[in-house]
Each structure stands twice: as C-alpha cells, then as structure tokens.
Amino acid sequence: MAPRKIIIDTDPGVDDILAILLACSALPEELEILLLSVSTYPYGNIDVQNCLRNVVSLFYHVEKEIAWRKSQGMDAGFQTLQKCKPLVAVGPEHPLSDEMLMADFFHGRDGLGDVHASHPHLTPDDTWKALFSTAEQSNDPEETAIADELVKKDALFSVSKQPAHQEILRLLRENEPDSITIVAIGPLTTLALAAAEDTEAFLRAKEVVVMGGAIDEPGNVRSPAPPLSAAAVRAQRLVAEPAFRLIKQAPGPIRDMLNLRNQITPVAEFNTFADTVAAARVYALTSPNPHTTMPPAPPAPAGKPDGEHPPPFLAPYPETLSKRLKVTLFPIDITEKHILTRGEYRKTIAPLLASKSPLAEWTTAFLNSTFEKFETLQEGISGDAVGLQLHDPLCIWYCMAAAGDQKWQLNADEDIRIETSGHWTRGMCVLDRRTRRKREDDDVGERAGDSGNWLSGAAGNRLGRCVGTPGEDVFGGYLLKRVFAL
Ligand SMILES: [Ca+2]
C-alpha cells in the first residue's frame, strides 16, 4: 500500500505532541510525514521559540529512544521517520482575526492603514537562529541538547527556511495533485495564508483533516493547557494579564476589553475561536460558491480606494476555481470521547520507566503535570480516572487507517459555517437546524425568507464530519502501543 503523504499543521502543546509521536510511529506503508508546520501564537505570551522547542525536543527524545531500544535488543520503531525525514517550518505568529479586528477598529478613523507595520514578522531564519542561540547559552542540559539537535547532520528532521505556508504550497506544487493530506491540529491561520497566496496550488491537496469545531457540544475555550517547558511556565506566572491573548494591539482599554471578552465564550472550540477568519476562509473553499460563506473583507483605509485593501490574505478568492476543497472535520463532539486515562497510562508506562526508556521519562514528565492540572479542573474525577482527551491524535489515527475503512463514520457535505464577528458567539459553528425545504432554484442570491442563503443548493459549505470511529475505548491503548512499540 502506498503511504498517505501528510503535512501536519500544529500549535505544539501536549495534545499535539502525542499526535506527532503517533504519526512518527506509523509504518512506512501507512504514513509519510513531509512537513511539520508550526504555528506559534496560540499561547499569546509564550513566544515562537517555545513552540519550536517543543517540536525539536520531541525529535531529540525520539532519537534517544531509538538508540535505547536498539541497545536493549528491541524493535526500534518509528519506522516512517527513519525512512523519510520531515521538514519543520515556522508558521505565522498571529491570527488573521487580529488583522480583521485591527482593521475594524482603525480603518477610516485615523488612517492607521498598514496593519503589517504593527505586526512585524520575524523571518524563519531569525527564529531558528534565536532558538539556537538561546538554547546554546543556557545552562540547562535539555536546552543545550536542543542547540546540538539543530546543527546535527543526521537529525531526524530538517529545518525549513521558508515560512510554513510557502513550504506547504511548494510541496503541493511539486507532488501529484490529490496526493497530499494536510492534518490541521491547531488554528487554521497557516492554511488560510497558503490558500490566499495561491488558491489553485492549495486546491491540489487531497484532503484537509481538521481538529476543530463544536457542533452539538459546548465549547472548550479557556486558558490553554500548561505548555511543556518549565521556563515557559515560569514566564506565564510572571504575566498578570490574561494567558490567552488574541489581540496584540498596544496596551490600553480597547485591547484589555477585547482580550478579556475573547477568553469567554460558551460556544466555541479553541482552534476555531483562535482564528475564526482563517477557519471561515478555509471552509469556504468547500463551497460550490466560496463567496457565499467568506467572512466580510475589512474596509479600505481612509483616503484609499476600494480594492487597495485588504491585503491578499484577507482578499476574496479568484472568481472561478477548478475544484472544491475536501475538508473532513473532527469536532470536539467526537474527539472528546477518546480518552487516555491516567490509570491506563501509568500501568502501561511503569515497566518502561523501570527500564529507563528515555521517551517514557519525557512523556511522563509532561503528562503527569497535565493529569494534575486536569484533576483540578474536573469535578468528581480523581486519581487514575482522570483522563486526557485525545483530540489531535484522533485525526492522525484517521490518516493511518486504510482508505475506505468502514469503521470510520463520516457525514458528507454538511453546511457548517463559522461565526467570525459575533458579539457573544465568535468561533461558533452555525448550522441550519430548521427543517425547511431547500430552494429549487440553484441561485446563490438571497431570497425573501432565506437570508444567508441557507436554503439555496448552490450556496453554503460542504464539510465532511467524523461522527464515529473504530473505538472510543481502545484508542488510548492503541496510541501507547504504537508510540512505545509494545
Ligand atoms: Ca493542537
């Protein structure tokens, strides 16, 4: 069987690290990992380097694990990784929603037109160099190992000097159309940037698998789970402002108000909430007429003609497109049912810790603190019953399955739209739950009684949605078995 070629777009927290470990443990005939695209803003005040550090640490520990397994006469595992080295590329540092909000607030008022001027991007080159030099200067042995990892010739990954969205486009152009699956397990900013820069190249993707959305379940937006590095945790404690910061406008009452409000929504799932504009733009590509679900473009700044703004990544797509994008959504409705309990983890990992598996020691270091954190958040659940929801790893499991595996239940062509501008509902997935007859015309124009074009057969999104998997109860065990080659 030819492997599924994947690009993983990630905001590497605990859940993502488990997902990436699962992908790396795949057989060469299951997956080929081309690229890890690392977006770097979701923790707000945790900088880009911490996100990259998590990914580099992962490869460092996998490498140590492989050497250890070989020394023990065990199966080394991580076969796909040993066969094909993934690239790691740096993604954007702030969401498109930022741009939209900034534009809303300032265009036409004081002519602070160019939002880019207030959002300087580090180049990937600068970012890698900074990661290297801070790691090199550190006294912490884990940190210095990262510096070594970055210059090693035989490392398990290579560093990309291109911004992540351009690296994605290059891979899509250089591979056969419909041969690459993009697995998005963070906010969709990078994918939205790629889609805006070259829509047709982006449409060469075979499928985009997204962990995102809350359909019938309440949302899960709250302060993010603790990041992995101790330094990052310390840094977070020093900052009195909200941990999750969507707005990077200069300090002041408007920013404070938006930051506070944006942490509070009962209806949104985190990835969608963190960049609603990006999610809406990517999902619009599933529509027969993308303009029917695109978020509104921000107005031209004062004194500039219409069309001069917005910048390309907020501008409409070309009017005619060669195909629709295939998106398969994994909302929290399905992902949250897949749990790794502390008890199962503890029992499985105990013999590995006893025999000094480097990977078991690393995962235990961050999972123990995660289980502790969840124990304080979940009422009535304690000890071994505390569970970690495997949102991101579930998307990888789906990619590892053989095409057409009947055990995966997928709804087709659902018109799920993303609320990008709601006062109380930013990031909400909106569906038409009315039982109204569809319009017979195939027109995309609004009609009396159908504002929003919910009833037109030519408007709206067409998303696939996972509603059933091969096993809610078995996945935690499967993940451990794969990652630890048991
Ligand atoms: Ca994630």
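User: What makes a residue buried, and what share of the chain counts as buried?

Analyst: A residue is buried if 20 or more other C-beta atoms lie within 10 Å of its own. In this predicted model, 47% of the 486 residues of the chain count as buried.

User: How many helices and strands does the chain have, and how many residues of helix α1 are buried?

Analyst: The chain comes to 18 helices and 13 strands. An α-helix has 3.6 residues a turn, so residues three or four places apart point the same way. In helix α1 (residues 14–24), eleven of the eleven residues are buried, so the helix is largely enclosed by the rest of the structure. Among them are D15, D16 and C24.

User: Where does P86 lie, and is P86 buried or exposed?

Analyst: P86 belongs to the loop between α3 (79–83) and β3 (87–90). P86 is buried because 24 other C-beta atoms are within 10 Å. Beyond its neighbours within four places in sequence, P86 is in contact with I33, L34, L35, L36 and F157. P86 and I7, 79 residues apart in sequence, are 9.0 Å apart in space, C-alpha to C-alpha.

User: What share of the contacts with a separation of 6 or more joins residues 24 or more positions apart?

Analyst: Such residues account for 79% of those contacts in the chain.

User: What is the mean pLDDT of the chain, and where is the pLDDT below 50?

Analyst: The mean pLDDT is 84, and 83% of the residues reach 70 or more. Over residues 105–120 the pLDDT is below 50, and this stretch has 20 contacts in the model beyond near neighbours in sequence.

Notes
Residues are numbered from 1 along each chain as its sequence is written. This is a predicted model: local features need pLDDT of at least 70, side-chain atom pairs count only at pLDDT 80 or more; totals for chains, interfaces and linings use all residues. A residue is buried if 20 or more other C-beta atoms lie within 10 Å of its own, exposed if 12 or fewer, and partly exposed in between; C-beta atoms are placed from the backbone. Helices (H or I, at least four residues) and strands (E, at least two) are DSSP runs, numbered from the N terminus. pLDDT is the predictor's confidence in each residue, from 0 to 100. Two residues are in contact if their C-beta atoms, placed from the backbone, lie within 7 Å.
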